[in-house]
Amino acid sequence: MANQLALPTLDSLRSSVSPDLNVQAVADQWFSAFTEAMQSKNVSAVIDLLVDDVFWRDMLALTWDFHTFQSTPSVKTFLADQLPLFTLSSFKLREDLVELQRPYPDIAWIQALFDFETTVGIASGVFRLVPLADGSWKAHTVFTNLENLKGFPEQNGPRRDHQPNHGKWAAKRAREIECIDEEPSVVIIGGGQSGLDVAARLKMLGMKSLVVEKNERIGDNWRKRYAALCLHDPVWYDHMPYLPFPVSWPVYTPALKLADWLESYAHSMELDVWTSATVMSVVPGTKGKKWTVTVQRADKTERIFEVNHVVFALGFGSGMGRIPDIPGQDDFKGQILHSTKHNLASDHAGKKVVVVGACTSAHDICADYVENGVDVTMVQRSPSYIMSTKEGMPRLLALFWEGGPPTDVADRVSASYPNALVKLVHQRVTKEIAAADKELLDGLHKRGFKTTLGDDDSGFLLMAWNKGGGYYLDVGASQMIIDGKIKLKSDGPISRFTQTGLLFEDGSTLDADVVVFATGYADARNAYRALLPESLHDKMYPIWGLDKEGELNSVWREVGGRSKDAELNGIWCMMGNLALCRFHSKHLALQIKSYEEGIFGTRYQ
């Protein structure tokens, strides 16, 4: 990197912003020069428009992959390698989306969105210009993103079906769902939001997919979790593709309500879904396709599909709970379960419950026990990041809030922040939230609850990216800890189970009838290994966690690496929260469509 990463403050730039600045003129001038340089493939001219510590993030548009390049040497290499491979045209600045932003008094940038075309794609972009000492403005951030494929527009809006259907719709849908007249091109394993989003995206691109869901109903992956589960992300952040939540939808969605919405979404979008069905195996194909997928239905009949693409959409850790290997579990006379198997607090009425863990699920479950009159103790093994949704969400998700920009604009602006830049911004925001939550945090500390401000004091986002947990976004359970309603033990590691509970390394004990492990999920790759031949198990790359560029390892792409001859080509990963699935399901669908139409390029490495 050119230097140690830092926010582009006015002091560091030795610059200021004139009160009579013509923002539109600055953006127009820069974009005109950028357009000329990109279309003429003049790498040096592009570099002249960027600050030395620039970020350039690309999602498929110019690399057929997800990349973040930081500093002009890195960007120069990327452009020199990739611009010769593309014919770029039709650059257009979105004049209504140009604005001077002052996120802090010492930071100013001009943010703008634009559109352009590549050889095979229709793309979008975002740039942020910062002022320099000589009065010029250069880009500190550039984002380029593949939106659509030329010649393959989505089949919606003016391209929807215009033909009336008199009494034939139900029979037509029944045949489509059973794949009687057409085999699927893609099998999607899992019918949660990630699987349904991909299926909807593929349908709009004219590709038939089959969603295979093991549960009896769509939405059961939410219905069958603990009854107190509620989303901690706001409604404006959680819309699904093509069918946003109604304007009366609550800010924070109860799990049972979301479950019903997913079921109605699959029906309204006419997605082909088999419930009570299980994928038994995914093995290399022998009939001209890459993969042979065997599906068993509730009546034990099996059907075999030959496809080029299999999407694993099984959620974080594929829903497989991780229980620490604590000695003595066989000695314990009570019940041991993982939070994924917990349902109702009332199941344990009159018993002493210990919940091991101190993050989201642990807090939700403990609060539910308290509200049902059950004696519960939380065992905290390591510090957790805590923020209240009241103070944190409006600051962190201002883009996705009442009165914010349209969801498609917010998605692109959000994605235009590389994770390294997000970290720098969140270091400031995290301090603000902690100050606003001071009374809450002080109360927790007095009870012995251990907190952290996250990786390098950057809050919870990078914790989520790197390990998928370590935090709780408070909606009430923290006050229960402060009030002593949720008992807390945080003074040492667990040594072993005893017949009656837990023994800690300091010699203290904790009696329990039930021990619930709210300790996260297993390696997401385990679900793949359960279906793929053993010879392919070691071909899988890490799925979650950030790579050296700050991009997630394999999510929303193939899980076996980037080369065209990788043995796991056609095995895809789709996962994430509702917002990530909404945005990135389009990326995954575009990649599959590109493969099938023979226009997919070479992934940049």
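Tutor: Let's start with a term: a crossing is left-handed if the near helix is turned anticlockwise from the far one by less than a right angle, and right-handed if clockwise. This is a predicted model, where local features need pLDDT of at least 70, side-chain atom pairs count only at pLDDT 80 or more, and totals for chains, interfaces and linings use all residues. Residues are numbered from 1 along each chain as its sequence is written, and side-chain values use heavy atoms, leaving out hydrogens and water.

Student: At what angle do α10 and α12 pack?

Tutor: Helix α10 covers residues 389-396 and helix α12 covers residues 419-436 (helices are DSSP runs of H or I, at least four residues, numbered from the N terminus). Their axes, lines fitted to C-alpha atoms over the stretch in contact, lie 9 Å apart. Between the N-to-C directions, on a scale from 0 to 180 degrees, the packing angle is about 155°.

Student: Is α10 roughly parallel or antiparallel to α12?

Tutor: Angles under 35 degrees count as roughly parallel and those over 145 as roughly antiparallel, with 65 to 115 roughly perpendicular and the rest oblique. The angle of about 155° therefore makes α10, relative to α12, roughly antiparallel.

Student: Is the crossing of α10 and α12 left-handed or right-handed?

Tutor: On the α10 side, the contact (heavy atoms within 4.5 Å) is made by Glu 391, Gly 392, Arg 395 and Leu 396. From α12 come His 426, Val 429, Glu 432, Ile 433 and Ala 436. The way α10 passes α12 is right-handed.

Student: How many residues in the contact of α10 with α12 are charged?

Tutor: Asp, Glu, Lys and Arg count as charged, Ala, Val, Leu, Ile, Met, Phe, Trp, Tyr, Cys and Pro as nonpolar, and the others, Gly among them, as polar. Four residues here are nonpolar and two polar, and the charged ones number three.

Student: And how are α6 and α8 arranged, roughly parallel or antiparallel?

Tutor: The axes of α6 and α8 (residues 255-268) come within 11 Å and cross at roughly 20°. Their crossing is left-handed. That angle makes α6, relative to α8, roughly parallel.

Student: Which residues of α8 does α6 meet?

Tutor: α6 brings Gln 193, Leu 196, Asp 197 and Ala 200 to this contact. Both sides together give five nonpolar residues, one polar and one charged. The partners in α8 are Leu 262, Tyr 265 and Ala 266.

Terms used
Helix = DSSP H or I, 4+ residues; strand = E, 2+ residues; numbered from the N terminus.
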